[in-house]
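Here is a friendly tour of the ligand site, the pockets and the cavity in this protein. Have a look at the sequence and structure first, and then read on.

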Amino acid sequence: MANPFDLTGKVALVTGANTGLGQGMAVALAEAGADVCLVGRSAPDETVAKIEALGRRAHVILADLCSADGVGAIVAETVSALGGIDILVNNAGIIKRNDSIDFTFDEWDAVMNVNLRTLFFLSQAAAREMMKSGKGGKIVNIASMLSFQGGIRVPSYTASKSGVAGLTKILANEWAGHGINVNAIAPGYFATNNTAALQADETRNTEILGRIPAGRWGDPSDLGGAIVFLASRASDYVQGITLPVDGGWLAR
Ligand code: NAP
């Protein structure tokens, strides 16, 4: 049986891939054989170097995803530069911390726009292209433990990531018949910029580590297996799931 995880000849679009989880997943997709379009507001030089060192092609699109304007052009450029779009990874995301009692409209809108609104319209633009090509495709959204739990002092983040789990299901329902798989990964606690404040807070750091059965923060490379699975034909009959990759956090 040919390797069901092989992505040779596939094109992936990954948002927010200059650092952190996006970089880890972009490199994992390239290791599995995919060429990768990297979309974000900061130049992803290190990620490009890692992908090219694997012998794969990398194409960069600099764009601020705080607005969904222009997502159609991002998909069109991916297709013209790399020859198609088979995989979309909606990774770019932000978090704002403040007591709910003091939370502002700006803190609400900034998070919801990047984490949910742009994710939806980029998925729509990619799905239109996947339907047009007749080849279907794979869409993987990056959710969170706060797709399952409430969290504290991050109301717009919890709303957005709970929304990501819901959107993953509705889009799977609507697009499965077109050969498009829509699923999500819910990372646990990973050592990236997004969690820098938690890692630096000695009390929170000890509390978090004490609850993770694996006993350590996740490394971006820990998402490699899950992203390749959900981006490959190995997951052709998997639809609408939010897969925790959390060192056992939710099992506690
Ligand atoms: P990160 O290191 O802060 O990376 C976030 C990425 O998103 C960066 O590439 C960032 O670009 C990009 N981004 C943010 N706003 C953007 C915008 N307006 N336009 C374009 N790109 C934008 O965080 P991370 O931990 O890797 O997070 C990646 C995803 O995983 C997020 O959706 C996050 O919510 C989710 N997540 C993370 C954890 C964790 O423990 N780390 C856990 C659960 C879920 P810049 O560098 O230019 O800001």
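Helix 1 makes the largest contribution to the lining of the largest pocket, with 3 residues; helices here are DSSP runs of H or I with at least four residues, numbered from the N terminus. This is a predicted model, in which local features need pLDDT of at least 70 and side-chain atom pairs count only at pLDDT 80 or more, while totals for chains, interfaces and linings use all residues. Residues are numbered from 1 along each chain as its sequence is written, and side-chain values use heavy atoms, with hydrogens and water left out.

**The largest pocket**

- A pocket is found on a 1 Å grid over the protein atoms alone, as an open set of points with protein on both sides within 12 Å along at least five of seven lines; its lining residues have an atom within 4 Å of a point.
- The largest pocket holds about 1200 Å³ of space, a volume being the space filled by probe spheres set on grid points that are joined across faces, edges and corners.
- Its lining has 46 residues, and Gly-93, Ile-94, Ile-95, Tyr-157 and Asn-194 are the ones nearest the centre.
- Two or more lining residues come from each of helix 1, helix 4 (105–133), helix 5 and helix 6 (196–200).
- By class, the lining comprises 22 nonpolar, 17 polar and 7 charged residues. Ala, Val, Leu, Ile, Met, Phe, Trp, Tyr, Cys and Pro count as nonpolar, Asp, Glu, Lys and Arg as charged, and the others, Gly among them, as polar.

**The ligand**

- Where does the ligand sit? It takes up the space of the largest pocket, where sitting in a pocket means that more than half of a molecule's atoms lie within 2 Å of the grid points.
- There are 30 residues around the ligand, with Asn-18, Ser-42, Leu-65, Tyr-157 and Thr-192 coming nearest; a residue counts as near if one of its heavy atoms lies within 4 Å.
- Helix 1 (20–31) and helix 5 (155–175) each give at least two residues to this shell.
- The shell is made up of 13 nonpolar, 14 polar and 3 charged residues.
- Among the polar contacts (pairs of N or O atoms within 3.5 Å), a side-chain N or O atom of Asn-18 is 2.4 Å from a ligand oxygen.
- A polar backbone atom of Gly-16 is 3.1 Å from an oxygen of the ligand, and a backbone N or O atom of Cys-66 is 3.3 Å from a ligand nitrogen.

**The second largest pocket**

- This pocket contains about 240 Å³ of space.
- It is lined by 16 residues, with Lys-10, Lys-135, Lys-138, Arg-233 and Asp-236 closest to its centre.
- The lining divides into 3 nonpolar, 6 polar and 7 charged residues.

**The cavity**

- The whole structure has 1 cavity of 30 Å³ or more, a cavity being a set of grid points where a 1.4 Å probe fits but cannot get out.
- The largest cavity has about 50 Å³ of space.
- Helix 4 gives the most to its lining, with 4 residues.
- Its lining has 5 nonpolar, 4 polar and no charged residues, including Thr-15, Leu-65 and Asn-90.

Note on methods. Polar contact = N/O pair within 3.5 Å; in protein donor to acceptor, adjacent residues only side chain to side chain.
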